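Thanks for making the time this morning.

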Amino acid sequence: DSISVVGRNNSNNFDLNRNFPDQFIQITDPTQPETIAVMSWMKAYPFVLSANLHGGSLVVNYPFDDDEQGLATYSKSPDDAVFQQIALSYSKENSQMFQGRPCKNMYPNEYFPHGITNGASWYNVPGGMQDWNYLQTNCFEVTIELGCVKYPFEKDLPKFWEQNRRSLIQFLKQVHQGVKGFVLDATDGRGILNATISVAEINHPVTTYKTGDYWRLLVPGTYKITASARGYNPVTKNVTVNSEGAVQVNFTLVRSSTDSNNESKKGKGDSTNNEGASDPTTKEFETLIKDLSAENGLEAFMLRSSSNLALYRYHSYKDLSEFLRGLVMNYPHITNLTNLGQSAEYRHIWSLEISNKPNVSEPEEPKIRFVAGIHGNAPVGTELLLALAEFLCLNYKKNPAVTQLVDRTRIVIVPSLNPDGRERAQEKDCTSKIGQTNARGKDLDTDFTNNASQPETKAIIENLIQKQDFSLSVALDGGSVLVTYPYDKPVQTVENKETLKHLASLYANNHPSMHMGQPSCPNKSDENIPGGVMRGAEWHSHLGSMKDYSVTYGHCPEITVYTSCCYFPSAAQLPSLWAENKKSLLSMLVEVHKGVHGFVKDKTGKPISKAVIVLNEGIKVHTKEGGYFHVLLAPGVHNINAIADGYQQQHSQVFVHHDAASSVVIVFDTDNRIFGLPRELVVTVSGATMSALILTACIIWCICSIKSNRHKDGFHRLRQHHDEYEDEIRMMSTGSKKSLLSHEFQDETDTEEETLYSSKH
């Protein structure tokens with residue numbers, strides 16, 4: 001078959017090689033499951049070189065496959081020279097291909113010099129796989145057309161093998177051209193994940209993998225290569241590449257000056273903290289977290305664990321209560337069962353704590369919360385959390401890793417938040433909403449507000465969320481296979497989005513299929529969730545969700561995991577669902593020990609509780625009893641501002657690793673500012689002001705005293721004059737009253753006494 005298009009498209013009738021996201025145009029066709037699977041696979045592994053084997057001609061074509069105008073013209077990539085070298089390495093070993101005139105009978109005018117061509121120069125293909133690979137991953141991909149006949153006869157296959165055998169071997173050798181090496185942290189020698197390798201004048205960086213390893217294909221020549229990573233000073237080296245194989249070039253990066261200063265200050269903190277850092281058991285636990293964070297670390301951990309769990313049926317409310325009481329009875333030293341409150345129909349809302357000191361405050365240890373059953377018709381999460389609790393208890397003191405995790409973590413499990421709804425739901429009801437709400441018909445995931453109306457909501461808010469002492473919360477639900485992160489409500493910006501998405505991606509990436517982003521639910525067959533994670537509002541926007549409330553008022557990041565397409569699958573599926581989610585659930589127990597562990601004190605060493613820690617000028621947490629705080633953050637550099645009443649605000653930066661916790665000690669100085677001004681200035685101004693006030697008061701007092709004396713003297717003289725006047729009246733009694741008065745007042749305006757009297761009145 002040379003020209004037929006039967007079978008060219010997938011079962012949905014879409015051409016997969018025109019289905020990938022394109023740099024120039026918007027691909028409007030829905031992304032197909034095959035496309036999603038390949039994209040997820042390519043992003044999951046650090047491929048270096050790829051060949052897409054095709055049919056219909058005899059040529060190697062290389063990126064780009066299309067151009068901005070959609071024309072059949074040469075569309076040059078930044079690595080055009082590398083692609084030509086790769087393509088020629090293949091065509092040279094295939095004599096017919098190298099001649100450049102592959103299909104004379106079908107396409108007599110077609111000519112490819114040396115058997116290679118730029119994709120767009122041949123014909124324009126938007127949405128091609130090779131362009132997406134080059135632009136979105138570290139991988140260089142070419143498309144190899146193996147023959148003019150697309151579906152040759154089976155008897156011709158040996159001939160095709162002989163024609164292409166040497167070409168394939170030469171192609172494999174091309175992966176060993178260019179440069180390779182590691183990017184390492186100068187402080188501890190560890191590899192740096194996602195460091196960027198840039199080549200001057202070639203606009204196509206590649207990134208490092210988990211151990212800091214990288215491969216960068218280049219043709220022979222001299223290059224200026226730069227390694228950079230967030231929080232580090234970049235390093236540039238001149239490198240000469242030859243044709244004899246990849247040149248190894250390692251880069252050692254030093255943390256940026258601000259971060260280095262903070263690292264050097266860590267040793268100056270409280271002596272208790274330093275002792276803890278050098279404690280052999282602490283070092284051992286740090287090593288465990290690194291080991292479990294490494295590739296295949298959790299797989300090895302699970303293989304060493306006893307996991308013979310009997311997941312063969314669902315637990316009713318009565319069965320669940322008996323199961324939890326049985327765990328506490330059998331493992332009293334590491335478990336504590338608490339009733340958070342009662343449902344609308346008076347069923348207990350159980351909370352199980354697993355820790356080496358249950359029900360004892362240990363503020364220096366991170367605290368993680370698992371919640372399931374907020375929708376009673378989706379009980380898979382309940383069964384997974386019961387299995388997790390049993391797994392931890394069974395392996396305590398038997399498996400060293402489980403023992404250390406339990407000893408150093410406060411694990412709180414709420415297996416069924418909506419027990420009333422759970423009692424109404426029916427097994428094998430994959431789409432039924434019966435039991436989704438509580439007994440009063442309220443969807444509990446819309447009731448997490450400041451005016452929560454339902455008893456179930458109030459119970460978990462008042463007894464867990466508002467305690468503000470959790471570092472991470474994981475909620476399990478059903479109806480799809482993905483993870484959502486805050487917010488569920490529509491918002492313009494999401495504070496701490498990088499960290500929230502990182503936590504969601506961590507769960508999805510440890511799940512065998514969730515990270516592929518194709519839940520394949522029967523009622524949503526075309527649903528595409530990139531990476532298996534999505535912001536809640538972009539999936540199903542609603543107000544009053546538990547994770548929004550947890551982030552806003554509990555100062556705790558929360559993700560929601562949707563474990564299966566079917567709300568209430570048959571019990572026979574529980575073992576496989578546990579197997580799928582076990583690694584992801586355990587990864588959360590490991591992740592809660594990362595981020596930043598902090599200790600806040602004053603200069604005397606006194607711990608400061610209830611200090612406000614502001615992260616990246618947005619997220620706020622508070623120090624616990626003893627001055628401790630813990631917050632999860634995505635790997636990279638983060639800004640920390642610490643605020644406490646009576647102390648100067650402190651600022652620092654911290655570098656967060658992907659496989660270990662970072663420690664920071666914040667030492668407060670007594671606040672030396674009054675009304676935002678330096679104390680010395682305020683005291684000086686206050687003293688001058690007080691002196692001026694005293695001087696002014698003295699002057700006013702003196703003036704008033706003088707005036708008061710003059711006033712008193714005037715009245716004294718007036719009284720004396722009056723007495724003389726009465727004496728004269730008596731002495732001149734023989735004269736008339738009229739003449740007397742005339743004599744008395746004829747010069748009244750000239751008398752000093754009257755002048756003074758008039759002035760006073």
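Is Asn 359 buried or exposed? Asn 359 is exposed, with a relative accessible area of 57%, where exposed means over 50%, buried under 20% and partly exposed in between, using a 1.4 Å probe and protein chains only. Before I go further, please keep in mind that this is a predicted model, in which local features need pLDDT of at least 70 and side-chain atom pairs count only at pLDDT 80 or more, while totals for chains, interfaces and linings use all residues. Residues are numbered from 1 along each chain as its sequence is written, and side-chain values use heavy atoms, with hydrogens and water left out.

Let me stay with the backbone for a moment. Most residues other than glycine have a negative phi, and most peptide bonds are trans. Asn 359, although not a glycine, has a positive phi of about 65°, and its place is in the loop between strand S14 (348–354) and strand S15 (367–372); helices (H or I, at least four residues) and strands (E, at least two) are DSSP runs, numbered from the N terminus. Lys 397 also has a positive phi, near 70°, and sits in the loop between H12 and H13, where Lys 397 counts as exposed at 61% relative accessibility.

As for the peptide bonds, the one from Pro 63 to Phe 64 is cis, with omega near 5°, and Phe 64 is found in the loop between strand S2 (57–62) and helix H2 (80–91). The bond from Pro 486 to Tyr 487 is cis as well, with omega near 10°, and Tyr 487 lies in the loop between strand S18 (482–485) and helix H16 (497–509).

Leaving aside neighbours within four places in sequence, Phe 370 is in contact (heavy atoms within 4.5 Å) with residues including Leu 385, Leu 388, Val 474 and Leu 589.

The axes of helix H12 (residues 380–395) and helix H13 (residues 400–407) come within 8 Å and cross at roughly 110°, the axes being lines fitted to C-alpha atoms over the stretch in contact, with angles running from 0 to 180 degrees between N-to-C directions. H12 is therefore roughly perpendicular to H13, a term that covers 65 to 115 degrees, with under 35 counting as roughly parallel, over 145 as roughly antiparallel and the rest as oblique. In this contact, Phe 391, Leu 392 and Asn 395 of H12 meet Val 402, Thr 403 and Val 406 of H13.

Finally, which strand holds Val 239? Val 239 lies in strand S10 (residues 235–241), and counts as buried at 5% relative accessibility. Val 239 and Lys 224, although 15 residues apart in sequence, are 6.3 Å apart in space, C-alpha to C-alpha.
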